Amino acid sequence: MKLTAEETRVAVDTTRDILSGPNDSRGNLIPVLQQVQKKLGYVPPVAMQEVAAHFNIPAVDVYGVITFYNQFRLTPPGKNQIKICMGTACHMRGANIIQEAWERRLKIKVGETTEDREFSLERVACVGCCTMAPVVVNNEEVNGKITPTRVDGLLFSYELDKKNAAAEGGEDNGQ
Amino acid sequence: MGNQITFTVDGKIINAAEGEMLLWTALDNDIYIPHLCGERNEKERPASCRLCFVEVDGRPAPMPACTLPVSEGLVVKTRSERVDALVAAGFELLMSNHRLDCKNCPANGNCELQRIAKARKLRLKPKNLPVLDKGLPVDDSAPGILYDPNKCVLCGRCIRACRHSGNGVLGFTRRGFERIVATFGDLPLGDSGCQGCGDCAEACPIGALAKKA
């Protein structure tokens with residue numbers, strides 16, 4: 001995933017800003033990374049390098065921490081954050097098949113974002129509606145009893161919504 | 001530290017400096033204890049390979065020899081039913097995730113895994129566990145170094161070597177079964193700032209990191 005120059009600049013500035021507070025004791029590493037993630041929504045490589053320089057540790061150590069914990073994202077979240085439930089019930093009902101369907105359709109892997117920033121894909125633990133397994137949550141909208149065909153359907157309806165919104169927006173401009 | 005003391009390992013009386021780790025004193029006296037992660041002159045002792053277990057008199061359970069400082073009158077047995085069971089289980093788990101290709105492996109004949117298997121009469125191929133190959137590509141991008149992550153047993157010796165004499169480009173990343181020694185952003189070694197000193201290949205007890213032939 002390529003970041004724009006603007007994104008890189010914002011990431012560096014934000015990280016430096018956060019780093020101006022805490023000292024370089026190793027215990028501050030994760031709180032700092034959490035703040036970066038909170039501000040930016042993700043932790044890009046440039047931010048990790050800034051953090052590593054501040055704490056005087058190899059950059060790969062920061063990368064190790066980021067990849068160890070699920071709470072950290074390496075790519076910016078998409079406009080539609082697709083969360084695939086991997087709870088016990090969903091898992092038993094084939095959540096990994098649903099995951100594969102999304103990965104194939106969006107041409108990205110879990111934890112990544114599409115090049116146009118429309119979709120990002122994540123695995124989550126139980127979302128609490130096991131009777132509807134397997135479940136996919138798109139932003140806040142819960143979709144139950146998902147099948148690979150339903151994945152296509154969801155993507156199609158999203159495309160339609162987008163087209164309608166664009167058409168409406170066009171009309172508004174025309175008035 | 002520095003005081004000479006005597007203790008026994010498998011009935012053999014050993015003299016050593018007090019406070020030295022049992023593993024190294026035993027090895028110095030030709031008593032082999034399996035080990036992967038430990039290094040003699042290293043402050044950091046991860047004790048993570050779980051192979052150097054020994055039975056110590058007065059201790060309720062076997063303990064790793066690499067983190068046990070020797071003291072006067074210590075009585076140690078390197079083999080017992082419990083030790084053998086622990087080592088066999090640990091070794092089998094390691095091997096269940098190690099790509100076995102001894103014939104083509106650069107470490108063949110000088111491999112710590114082969115040595116352990118021979119010393120403890122263990123099989124290299126796990127009997128009870130399926131072999132789960134990581135299926136990752138072999139990295140040959142660095143000058144002089146070949147890295148096959150599928151063989152790695154995560155002892156961490158290359159990481160320490162890289163920090164001592166290299167640029168510190170290697171580190172542990174990810175978690176659980178996916179844990180792997182990698183570089184920042186998973187760059188191939190050749191693009192990572194690796195200077196190709198080859199100390200990681202030197203440190204690797206198996207054939208995961210090797211010098212190019």
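Ser120(A) is buried, because 25 other C-beta atoms lie within 10 Å; a residue is called buried when 20 or more other C-beta atoms lie within 10 Å of its own, exposed when there are 12 or fewer, and partly exposed in between, with C-beta atoms placed from the backbone. The model is predicted: local features need pLDDT of at least 70, side-chain atom pairs count only at pLDDT 80 or more, and totals for chains, interfaces and linings use all residues. Residues are numbered from 1 along each chain as its sequence is written, while chains are lettered from A and ligands numbered from 1 in the order in which they are written.

**Surroundings of Ser120(A)**

- Ser120(A) belongs to strand S2 (residues 119-124) of chain A; helices (H or I, at least four residues) and strands (E, at least two) are DSSP runs, numbered from the N terminus.
- Leaving out residues up to four places away in sequence, Ser120(A) touches Thr75(A), Pro77(A), Gly78(A), Gln81(A), Ile82(A), Glu112(A) and Thr113(A). Two residues are in contact if their C-beta atoms, placed from the backbone, lie within 7 Å.

**Chain A overall**

- Chain A contains seven helices and four strands, in the order α-α-α-α-β-α-α-β-β-β-α along the sequence.
- Its domain assignment gives domain 1 (5-68) and domain 2 (80-174), with bounds that come from an automatic or database domain assignment.
- The centres of domain 1 of chain A and domain 2 of chain A, taken over C-alpha atoms, are 30 Å apart.
- The C-alpha trace of chain A spans about 50 × 50 × 25 Å along its principal axes.
- Of the 175 residues in chain A, 27% are buried.
- Among contacts in chain A with a separation of 6 or more, 62% are between residues 24 or more positions apart.
- Chain A has a mean pLDDT of 91, and 97% of its residues reach 70 or more; pLDDT is the predictor's confidence in each residue, from 0 to 100.

**Contact between the chains, and H4(A)**

- Nine residues from chain A and eleven residues from chain B form the contact.
- On the side of chain A that touches chain B, helix H4 (residues 59-68) of chain A gives the most, with seven residues.
- That side of chain A divides into six nonpolar, two polar and one charged. Here Ala, Val, Leu, Ile, Met, Phe, Trp, Tyr, Cys and Pro count as nonpolar, Asp, Glu, Lys and Arg as charged, and the others, Gly among them, as polar.
- Eight of the ten residues of H4(A) are buried, including Val60(A), Tyr63(A) and Ile66(A).
- The cover over the buried residues of H4(A) includes helix H2 (29-40) and helix H3 (45-55) of chain A together with S7 of chain B.

- Chain B has five helices and nine strands.
- The radius of gyration of chain B is 18 Å, close to the 17 Å that the globule rule gives for 213 residues, so chain B is as compact as a globular protein of that length. The radius is taken over C-alpha atoms, and the rule is 2.2 Å times the number of residues to the power 0.38.
- Of the 213 residues of chain B, 35% count as buried.
- The largest nonpolar core has 67 residues, and those with the most contacts inside it are Leu22(B), Ala65(B), Cys158(B), Cys200(B) and Leu209(B). A nonpolar core is a set of buried Ala, Val, Leu, Ile, Met, Phe, Trp, Tyr and Cys residues joined through C-beta atoms within 7 Å.
- A second, separate core of 18 residues includes Ile82(A), Cys85(A), Ala95(A) and Ala101(A).
- Cys158(B) is one of the buried residues of helix H4 (residues 157-165) of chain B; its contacts include Val181(B), Cys200(B) and Leu209(B).

**Backbone points to check in the model**

- A cis peptide bond, with omega about -10°, joins Ala133(A) and Pro134(A); Pro134(A) is in the loop between S2 and strand S3 (136-138) of chain A.
- Arg50(B), a residue other than glycine, has a positive phi near 55°, and is partly exposed, with 17 other C-beta atoms within 10 Å.
- Leu154(B) also has a positive phi, near 60°, and lies in the loop between strand S6 (145-147) and H4 of chain B.
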